[in-house]
Amino acid sequence: MGARKRAAAAKDDTRTGTGAAAIARAVLDNLRYALGRLPEIATRHDWYKAFAYTVRDRLVDRWMETIRTITEEKAKSVCYLSAEFLMGPHLGNGLLNLGMLDAAREAASELGLELDHLIEEEEEPGLGNGGLGRLAACFMDSLATLDVPAIGFGIRYEFGIFDQAIRDGAQVELTDKWLRRGNPWEIERPEICFQVKLGGRTETYADEKGAQRVRWIPQRVVRGTAYDTPVPGYGARTVDLLRLWKAEAVESFDFAAFNTGDYVGAVQEKLASETISKVLYPNDEPAIGKRLRLSQQYFFVSCSLQDVIRVHLSRGRSLDELPDAWAMQMNDTHPAVAVAELMRLLVDEHGVDWDRAWKITRETLSYTNHTLLPEALERWPVPLFGAELPRHLEIIYEINRRFLDDVRARFPGDDARVARLSLIDEGGQKSVRMAHLACVGSHAINGVAALHSELLKRTVLSDFHAFSPEKFRNVTNGVTPRRWVALSNPRLSALITGGLGGRWLTHTDEELPRLEPLAQDASFRREWREAKRRNKEDLAALIRDRTGVAVDPSSFFDVQVKRFHEYKRQHLNVLHVITLWSRLKRGADAPPRTVIFGGKAAPGYAMAKLVIRLIHGVAEVVNGDPAVSSRLKVAFVPDFNVKVGQRIYPAADLSEQISMAGKEASGTGNMKFALNGALTIGTLDGANVEIREAVGSENFFLFGLTVDEVAARKAQGYAPRECYESDEELRDALNLIGSGSFSRGDRDLFRPIVDSLLQHDEYMALADYRAYVDAQRHAGAAYADEEAWTRMSILNTARSGRFSSDRSIREYCEGIWNVRPLAGNG
């Protein structure tokens, strides 16, 4: 090979090579040319960025191949519309999925670096809040792993929801400045931008053929600019795309205003426009917050649909072929305005007649519902909606008129049904029902767990199920085993791979059941316990570092980490902690236990924030009590996110999934715990039902009222005070809270919690208290039998393979999207 060819090959290898030497060369090149840093003065963050650019180069190379394959095969693609994408840190995940983790570790060592330190250096992208955004991230991972072409569309939030700090036991919200040092994973696309209209009015006019048309004359216009992040599949050639939109002013600087001395006015449009993508979930209590949130949702939906149509037409395809080329999934109700926006684009911008446009819209869109809480099904006051999106309100009224004509034809004389199905709630202040809009404008509607899907049909969407039963499906959620086992729990992952080989990471449902015979192998059980023990030591170190609480890694790690909400019943867990503390003080025998909490409460949710304060009050007393502190500890890990979750899930012994039956749509934390060998204590709610069926009732600590029993108790007139009066331990626990025992004598601090439980107890914590405490006692006794517990732990992992997001995506592809993997990338 000539010198020129050798140099070209070396350059190419530096960009695409996956060996340690190529990675090291690429890192040094990126440090010098992308960052302008000498190795001698580079900081840890500089080195992290150099590694990030090195991985991104390899992702971009495969991404270009994927785009070429999609074009050549004329493949149908998934368009996943979501207000959240809680992707988690990219570096470790990218290295794992590209098969470069070991080589990168070697390259880092050659450069005098620790790869784990660089992975830890990455700021977590503030693009989501909880389960909704993490599910979207798992789905993107699985789509790429299964070679399914996909684009995830969302918002490039400048600030995440918030960083959580704890001060004097109370949650304090701090600005999540995740972009303050830049984001090496994204590629700005200033050439891919779209104008988004807001406000104003509409007018009718006759087009050149004399047809009546509608023109939207906006009050203001913002521009959405694309930022692209490649998303790799595990062991696959496919790299999919996360495309996020940043809001900008069409004209960011008013030179005339500046010259007249109006310096603030000169940048006013820039400030107003950029507010739209400034923060995840602005407070929507005030009217201006509601308006901003609606603008956010419309902004990313409009940019995304304009982009899809641009790409579609550039490939020489007609708009009638849109459903054959794109499957658009609305992840909950946040993107539901897509129904009206797609109709607007087709009818107003591209001249498609209404009936054809409606056929295209319904065949292209599908809707995932994530909640059984009626208050969580978004609705917008008609005056607000009309002021912000006047053309869309007209379109929604027309959709509603035609739909209700069909309803009346099917159910003549049933005015009550017509009112319930209407897209407009006419009671009180008129409002647009976004879930209704999503249901009418989609060809498929799915729940996210078997129980959830059945309850949708029976409760919040029962009328839609009666009208269009053929639309309804179930696709139980899943989680990616790559991030949540292989990356988070390398010790367990290595043990499983040693026993099964590596195929389990992409075929969990087929391969993990082969662990079952190993549960009877004493040496395998010993290695399993050792992996868990070391994970618990790591978590204990994290807890001590972040909270100052010293916990015993040999104790029973009882964990509840999730968003704080009364229906998730963290307060029920606290009641058990108080009861256990009281029992231990009386001389009861129980294995040493560490109760670990984590999660954020919405800034405006006073009761949830007060429960966090109560946890810290109980922890202060319990941890400082010399009579019990060696047998019971309570820790709250602040600022729970993906990075923290990667440390907690592998270390848990007991997974708390204790929501009131009928309230949790699915849950995905329950799946992460189970895959990592934790046993579940839980109700028959959400995906708990399917987890219990999978792992076996003997490996699951069940308690609590069922959905039907909850309904029956409430129908009979549930009186929580009767539970209090009839159960001495419950009475003692609530009295301790009310007496100021956990608030340094302040009897008023936690009074709202006690009063709410005794007077209302909407989520029936007191009704389930006795069954929960008994189930906790059984769990503690089971943990005391080390060998039996280890067998149950192994079986939980072995039987949880169905909860991979790969299975979920296959079901979407086959049952809803009609999308096939890329043949050229398989």
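Q: What volume does the largest cavity have?
A: In this predicted model, the largest cavity has a volume of about 160 Å³. The general idea comes from a rolling probe. Rolling a probe the size of a water molecule over the atoms shows where empty space is left.

Q: Which residues lie nearest the centre of the largest cavity?
A: Look at M87, H90, N93, V231 and P232. They belong to a lining of 17 residues.

Q: How many cavities of 30 Å³ or more does the structure hold?
A: The count is eight. Take the second largest cavity next. The space in the second largest cavity is about 130 Å³. Its lining has 14 residues, with Y48, E123, W178, G182 and P184 nearest the centre. The classes in this lining are five nonpolar, four polar and five charged.

Q: How is a pocket read, and how much space lies in the second largest pocket?
A: A pocket is an open set of points, whereas from a cavity the probe cannot get out. In the second largest pocket the space is about 970 Å³. It is lined by 32 residues, and R105, D116, L487, S488 and P490 are the closest to its centre.

Q: Which elements give two or more residues to the lining of this second largest pocket?
A: Among them are helix 5 (101–110), helix 6 (115–121), helix 21 (481–487) and helix 24 (522–547). Helix 4 and helix 27 (642–648) are also on the list. Helix 22 (490–500) belongs there too, and helix 22 gives the most, with five residues. The lining of the second largest pocket divides into 13 nonpolar, nine polar and ten charged residues.

Q: Now helix packing. At what angle do the axes of helix 13 and helix 16 cross?
A: Read the distance and the angle together. The axes of helix 13 (residues 338–349) and helix 16 (residues 390–410) cross at roughly 100° and come within 9 Å. An angle of 65 to 115 degrees counts as roughly perpendicular, so helix 13 is roughly perpendicular to helix 16.

Q: Which residues make that contact between helix 13 and helix 16?
A: Helix 13 contributes V339, A340, E341, M343, R344 and D348. Helix 16 contributes R391, H392, I395, I396 and I399. By class, six residues of this contact are nonpolar, one is polar and four are charged.

Q: Last, aromatic pairs. How many are there?
A: The count comes to 21 aromatic pairs. One of these is F564 with F636, 6.0 Å centre to centre. The angle between their planes is 40°, and the pair is tilted.

Q: Why does this pair tie together parts that are 72 residues apart in sequence?
A: Because F564 lies in the loop between strand 17 (556–561) and helix 25 (570–585), whereas F636 lies in strand 19 (residues 632–637).

How values were computed:
Residues numbered from 1 in each chain as written. Predicted model: local features only at pLDDT ≥ 70, side-chain atom pairs only at ≥ 80, totals over all residues. Heavy atoms only, no water. Axes fitted to C-alpha atoms, helices over the stretch in contact; angles between N-to-C directions. Helix = DSSP H or I, 4+ residues; strand = E, 2+ residues; numbered from the N terminus. Parallel < 35°, antiparallel > 145°, perpendicular 65-115°, else oblique. Contact = heavy atoms within 4.5 Å. Nonpolar A, V, L, I, M, F, W, Y, C, P; charged D, E, K, R; others polar. 1 Å grid on protein atoms, 1.4 Å probe; cavity = no way out; pocket = protein on both sides within 12 Å on 5 of 7 lines; lining within 4 Å. Points joined across faces, edges and corners; volume = space filled by probe spheres on them. Phe/Tyr/Trp six-rings, centres within 6.5 Å; stacked < 30°, edge-to-face > 60°.
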